[in-house]
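Visitor: I have a model open and would like to go through it with you. Can we start with the overall picture and then look at single residues?

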Amino acid sequence: MTSTAAEPSLWRNRDFVTLWSGQVVSTLGARISSTAMPLLVLATTGEPADAGLVGAAGTLPFLIAYLPAGPLVDRYSRHRILLTSEILAGLALATVSVTLWLGLLTITQLIVVAFVQGLCFVFFSLAETAALPRIVPAVQLPAAVAQNEARNRGAALAGGPIDGLLFGIDRALPFLADAISYAAASIALLFLRRDLQNKTTAPTEPLRQATMAGLRWIWRHPLIRTATLLITATNLVFQALVLTIVVLAQRHGATSGTIGTMLGIYAGGGLVGALVAGRAHRSFTPRMVIIGVNWIWAALLPLFLLTTDPLLVGVIGAATAFIGPLWNVVIISYSALLVPNEILGRVTSAAMTLAWGAMPIGSLGAGLLLTTAGPTGAVLALTAVMLVTAVCATISPSVRSAPPLTPHKGQVAK
């Protein structure tokens with residue numbers, strides 16, 4: 001879409017660039033440490049079940065904190081929530097480096113650190129999602145979401161190889177790098193000028209009632225409800241898949257550097273997909289995206305069993321990651337445009353509780369499957385879940401009748 005006087009370039013929006021730039025650094029650091037975490041656990045205990053437990057601790061806040069966090073994001077300063085989340089996460093990650101150097105690191109500490117980091121991510125992601133329609137006009141929301149996808153995927157692409165390098169030098173370095181990245185992002189947040197709150201909020205509800213408001217809104221909108229349930233299933237699959245392919249690569253003799261490169265290739269597909277998604281979503285109806293993406297994933301998952309080369313595993317992962325951003329752009333843009341901004345935090349928190357609440361189950365399930373059935377059994381089980389998900393997307397009446405995503409030029413977020 002060509003920029004005009006009425007629709008200035010997204011990159012001339014000072015507050016968007018400030019927030020986006022700070023999060024490039026922060027997300028890169030988070031990707032470096034998230035890649036290092038299972039490697040550190042496996043190097044410490046050698047047990048995939050322990051890696052699954054730490055991974056579950058990091059995603060447990062998605063299940064227990066998203067729902068109550070939504071009303072708090074709508075009620076209190078979003079800017080302060082963003083800043084506090086970054087500072088606390090950075091301090092938690094710094095303790096890993098310190099205890100590693102002192103020889104005092106325990107699995108219990110890693111579980112606690114992963115939980116704190118996950119909790120901070122919950123509050124930050126909700127506040128950022130609710131603030132975005134206050135920063136950019138509605139017509140630019142799909143482009144802004146696509147740029148955030150590119151940010152996340154680019155960080156994942158660079159994070160794997162950087163982690164492999166840093167982890168090979170000193171196991172503490174990936175976590176120190178993440179702590180520094182949180183500090184840099186915190187400084188960037190100090191320069192945000194836009195008011196991130198909606199001024200037309202309704203009278204304050206009791207916290208319990210406000211918590212349920214998001215769930216009620218989702219339940220009354222069949223397409224958002226169905227999309228949320230589909231995302232829940234796919235998040236479970238892909239949360240389990242990452243640990244599965246790491247163990248698969250280790251079983252074939254891959255070093256930490258090779259695994260980092262493999263995950264970097266995996267993430268590279270997501271980066272390319274994110275760069276394409278900002279325009280590609282206009283060429284497909286939401287029905288085509290929601291149904292088609294799930295079938296493509298179901299077809300790709302069995303391919304992980306056809307190679308023992310970690311780099312080829314990364315290429316297959318890149319193919320699955322390539323189409324993910326298109327799915328995210330459609331769903332997130334739908335939500336940002338349809339949901340009134342004064343309750344966007346609550347609706348997003350309700351959706352995330354369901355969709356991301358499956359991730360600790362995915363981590364624990366991956367650890368259990370890898371221990372009992374090995375990587376091959378885990379891949380087959382995940383493929384079966386993905387097939388069922390694709391069938392459900394195909395037969396859903398709300399998906400088959402989904403309206404086009406067509407925000408109008410000059411439209412203001414509600």
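This is a predicted model: local features need pLDDT of at least 70, side-chain atom pairs count only at pLDDT 80 or more; totals for chains, interfaces and linings use all residues.

Visitor: What does the secondary structure come to?

Guide: The protein chain has 17 helices and 0 strands. Both are DSSP runs numbered from the N terminus (helices: H or I, at least four residues; strands: E, at least two).

Visitor: Why call the chain as compact as a globular protein of its length?

Guide: Its radius of gyration is 20 Å, close to the 22 Å that the globule rule gives for 414 residues, so the chain is as compact as a globular protein of that length. The radius is taken over C-alpha atoms, and the rule is 2.2 Å times the number of residues to the power 0.38.

Visitor: What percentage of the residues count as buried?

Guide: Of the 414 residues, 56% do. Buried means under 20% relative accessible area, exposed over 50%, and partly exposed in between (1.4 Å probe, protein chains only).

Visitor: Which residues touch the most other members of the largest nonpolar core?

Guide: L110, F238, L241, I245, I259, L301 and F304 do, in a core of 70 residues. Helix 9 (residues 222-251) gives the most to this core, with 14 residues. A nonpolar core is a set of buried Ala, Val, Leu, Ile, Met, Phe, Trp, Tyr and Cys residues joined through side-chain atoms within 4.5 Å.

Visitor: And what is F304 in contact with, beyond its neighbours in sequence?

Guide: Leaving aside neighbours within four places, F304 contacts L241, I245, L248, V313, I316, G317 and V379. Contact means heavy atoms within 4.5 Å.

Visitor: Switching to W297: buried or exposed?

Guide: W297 is buried, with a relative accessible area of 6%. W297 sits in helix 11 (residues 286-300). Its contacts outside four places in sequence include T234, F238 and M386.

Visitor: Last one, T389. Which residues does it touch?

Guide: Not counting residues up to four places away, T389 touches L230, A233, T234 and N294. T389 lies in helix 16 (residues 374-395).

Technical notes:
Residues are numbered from 1 along each chain as its sequence is written. Side-chain values use heavy atoms; hydrogens and water are left out.
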